[in-house]
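Let's take a walk through this model together. Please have the sequence and the 3D view open as you read.

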Amino acid sequence: MTNGRLIQGPECADHAMALLLSLTRNISRFVLGLDQKTMPRPIELRNKKAIIIGAGGIGLNIAERISSFGVSVNVVDNNAVPMLPCINNHYFLDDLIEVITKMDFVFCSAPLTYKSYKMFDKKMIMSFKKGSYFINVSRGALVDLDAIQFGLKEKILAGVGIDVSDPEPLSYNHPLRKFENVVITNHIAGLSDQNRLRSLEIVSENIKRFCRGETLINVVDKRAGY
């Protein structure tokens with residue numbers, strides 16, 4: 001069994017940045033037609049700290065993009081991570097609760113497994129730095145939406161951008177939609193004008209490799225769950 005790792009990296013990373021910038025620059029509030037006088041002052045990304053949970057195809061692309069904004073980039077992944085110039089620090093999952101307290105931006109790009117299910121619960125949200133931003137372009141079931149609402153009400157979270165949710169799609173009367181500092185898109189981060197082409201290229205290459213008895217690309221680790 002193989003998967004589509006790296007196929008959706010660029011466009012999901014683009015989408016993650018779009019969600020963050022729409023929040024930090026108050027674009028989402030202008031779209032809602034809110035009075036500018038009631039809006040918080042936009043913030044710069046420069047000299048802020050970001051943590052990316054999951055340093056796979058999506059996570060590494062996010063690291064590359066947000067680093068170019070002058071952000072210090074930290075990644076959390078239990079696997080070895082390439083020593084790239086755009087990554088300042090690499091942590092393991094056991095370190096997450098401790099290091100997340102210092103982060104201005106939290107990106108979720110982790111795989112969904114039985115171990116990561118609802119990893120962003122109330123305890124995790126309470127560990128966030130006050131006034132931080134949370135972006136999820138991975139899987140909805142990684143996040144407890146009740147915990148997100150708690151974080152917003154308690155002013156722990158300055159903004160939330162999610163492309164995925166549990167349940168999905170999120171109902172139009174869901175309480176999260178009432179927050180002016182929340183941007184919700186309907187699982188579209190993985191769509192682009194190039195992702196189908198990348199999919200066909202990997203499928204084609206794997207068929208050739210299978211016929212030749214060679215190792216396939218992106219073989220799923222069934223023990224890890226992805």
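Where does Pro169 lie? Pro169 is in the loop between E6 and E7. Keep in mind throughout that this is a predicted model.

## A loop with cis peptide bonds

Glu168 and Pro169 are joined by a cis peptide bond, with omega at about 0 degrees. The loop between E6 and E7 also holds Pro167. Here the peptide bond from Asp166 to Pro167 is cis, and its omega is near 10 degrees.

## Helix H1 against helix H3

Two packed helices are described by the angle between their axes and the distance between the axes. For helix H1 (residues 9–24) and helix H3 (residues 57–67), the axes come within 8 Å and cross at roughly 50 degrees. H1 is therefore oblique to H3, and the crossing of the two is right-handed.

On the H1 side, the contact is made by Gly9, Pro10, Cys12, Ala13, Asp14, Ala16, Met17 and Leu20. H3 contributes Gly57, Ile58, Asn61, Ile62, Arg65 and Ile66.

How many of the 11 residues of H3 are buried? The count is 9, so H3 is largely enclosed by the rest of the structure. The buried residues are Gly57, Ile58, Gly59, Leu60, Asn61, Ile62, Ala63, Arg65 and Ile66. They pack against H1, E1, E2 and strand E4 (105–108).

## Ser22 in H1

Back in helix H1 we find Ser22. Is Ser22 buried or exposed? With a relative accessible area of 11%, Ser22 is buried. A polar atom of the Ser22 side chain lies 2.7 Å from the backbone oxygen of Leu19. Leaving aside neighbours within four places in sequence, Ser22 is in contact with Ile27, Ser28 and Val183.

## Helix H6 and its ends

Helix H6 (residues 145–153) has its own set of buried residues: Leu145, Ala147, Ile148, Gln149, Gly151 and Leu152. What do the buried residues of H6 pack against? Their partners are helix H5 (122–126), strand E5 (132–136), strand E6 (157–162) and strand E7 (182–184).

Asp144 caps the N-terminal end of H6, where a side-chain oxygen lies 2.9 Å from the backbone nitrogen of Asp146. After H6 comes Lys155, with a positive phi near 65 degrees.

## Asparagines with positive phi

Which phi value does Asn47 have? Phi of Asn47 is near 70 degrees, a positive value in a residue other than glycine. Asn47 belongs to the loop between helix H2 (27–31) and strand E1 (49–53). Its relative accessible area is 60%, so Asn47 is exposed.

Asn218 also has a positive phi, near 60 degrees, and is found in the segment after helix H7 (195–212). Asn218 is buried, because its relative accessible area of 16% is under the 20% limit.

## Asn78 and its contacts

Another asparagine to find is Asn78, in the loop between strand E2 (72–76) and strand E3 (89–91). Leaving aside neighbours within four places in sequence, Asn78 is in contact with Phe92 and Leu93. The side chain of Asn78 reaches the backbone nitrogen of Leu93 at 2.9 Å.

Asn78 and Lys153 are 75 residues apart along the chain, and their C-alpha atoms are separated by 32 Å.

## Asp104 and its neighbours

Our last stop is Asp104, in the loop between helix H4 (96–99) and E4. Asp104 is buried, with a relative accessible area of 12%. Which residues does Asp104 touch, not counting residues up to four places away in sequence? They are Lys48, Lys49, Lys129, Ser132 and Tyr133.

How values were computed
Residues numbered from 1 in each chain as written. Predicted model: local features only at pLDDT ≥ 70, side-chain atom pairs only at ≥ 80, totals over all residues. Heavy atoms only, no water. Axes fitted to C-alpha atoms, helices over the stretch in contact; angles between N-to-C directions. Helix = DSSP H or I, 4+ residues; strand = E, 2+ residues; numbered from the N terminus. Parallel < 35°, antiparallel > 145°, perpendicular 65-115°, else oblique. Left-handed = near helix turned anticlockwise from the far one by under 90°. Contact = heavy atoms within 4.5 Å. Buried < 20%, exposed > 50% of the residue type's maximum accessible area, 1.4 Å probe, protein only. Polar contact = N/O pair within 3.5 Å; in protein donor to acceptor, adjacent residues only side chain to side chain.
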